Amino acid sequence: MIEYLTGILLIIGSFFCLVAALGVIRLPDSLTRMHAATKAGSLGAGLLVIAHAVFYQELGISLRAVSIIAILLFTAPVAAHLIARTSYRSGEAISDRTWIDELKGNGGWPG
Amino acid sequence: MPLFILNIVFAAVFTLLTGSARIGVFMFGCILGYGILWLSSPLYKDTRYFKKLPKTVNLITYFLKELFVSNLRVLWDVITPGHISRPGIIGIPLDAETDLEIFLVANLISLTPGTLSVDLSEDRKTLFVHVMFLENVAAARADIKNGLEKRILEVMRS
């Protein structure tokens, strides 16, 4: 039973990692790429770590899994935010499908 | 919140007493400890622990639900040929004021699929968010304000 659950979690997790990698290649601009890289990436990696915790069912491994996920969830959005902000400010072209841009001409928090 | 630490200590003691270091036992200890603290809650006059914990759990479950449901849309756009995305950058007026509140709102917005916080306005009152599937600006804005931000502020300010 535990084996099946672990297997399912591993497959879904690696599938999301694959989607994240494909998204970075396929999506049109750096802002939309960040969507794929942060969300699908952290969800996939999180599921892989949870699969390990479920399989071993030991306190030490579970605690480590929880801290890995916590660190992942705290760092991924910060990195994505910085990359998105830098690419926007350096004038990187945004996809022409973008139909509204309220940030344009509004400056932004300095520093 | 010292009651939270007490709760964790209860769970740790329970785990040590049962002698089996498994996460299930520890979780059960947490729930048991919470029950004991709740029974003795008249002893702690001005604690917010019993109000704050359900709200935190509420925020976490809401967040996990969002994480799964809307990841599927990003997935669909990535694996099918052609693009269905309608990206846009919208400004969200913030009620969050302190650094920690803004940090949490911006981070959780970035983690919710379909939205990514790009920049903060100079007066720290507007957060600019890149939305991947934007159909209706007012609806998307209300969604973030009433969904994520309201829940975060409930936890932070209760």
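I began with a strand pair in chain B of this predicted model. β1(B) pairs with β3(B), residues 126–131, in the antiparallel sense, and I read 6 bridges for the pair. I then looked up one position at this pairing and found Pro93(B) opposite Thr126(B), the latter in β3(B).

Next I noted the helix beside these strands. Helix α4 of chain B, residues 99–111, packs on the sheet and touches β2 and β3 of chain B. I read about 145° between the direction of α4(B) and that of β2(B).

I went on to the sheet as a whole. The sheet in chain B is open, has 3 strands, and runs in the order β1-β3-β2 with antiparallel pairing. Which strands stand at the edges? They are β1 (88–93) and β2 (115–120) of chain B; each has a single partner strand, so one side of each lacks a neighbour in the sheet. As a reminder to myself, strands of a sheet pair through backbone hydrogen bonds, in either the parallel or the antiparallel sense.

I turned to chain A. I counted 3 helices and 0 strands there, and the elements run α-α-α from the N terminus on. Why is chain A described as more spread out than a compact globule? Its radius of gyration is 18 Å, whereas the globule rule gives 13 Å for 111 residues; the value is well over the rule, so the chain is more spread out than a compact globule. I also took the spans of the C-alpha trace of chain A along its principal axes, which are about 55 × 30 × 15 Å.

Of the 111 residues in chain A, 32% are buried. Among contacts in chain A with a separation of 6 or more, 67% are between residues 24 or more positions apart.

My last entry concerns a single residue. Ala40(A) lies in helix α2 of chain A, residues 30–56. Is Ala40(A) buried or exposed? I found 25 C-beta neighbours inside 10 Å, and the cut-off for a buried residue is 20 or more, so Ala40(A) counts as buried. Leaving out residues up to four places away in sequence, I listed what Ala40(A) touches: Phe16(A), Val19(A), Ala20(A) and Gly23(A), and from chain B Asn71(B), Val74(B) and Leu75(B). For one of these, Gly23(A), I looked up the separation from Ala40(A): 17 residues in sequence and 8.9 Å in space, C-alpha to C-alpha.

Methods:
Residues numbered from 1 in each chain as written. Chains lettered and ligands numbered in written order. Predicted model: local features only at pLDDT ≥ 70, side-chain atom pairs only at ≥ 80, totals over all residues. Pairing = 2+ DSSP bridges. Helix = DSSP H or I, 4+ residues; strand = E, 2+ residues; numbered from the N terminus. Contact = placed C-beta atoms within 7 Å. Axes fitted to C-alpha atoms, helices over the stretch in contact; angles between N-to-C directions. Rg over C-alpha atoms; globule rule 2.2 N^0.38 Å. Buried ≥ 20, exposed ≤ 12 C-beta atoms within 10 Å, placed from the backbone.
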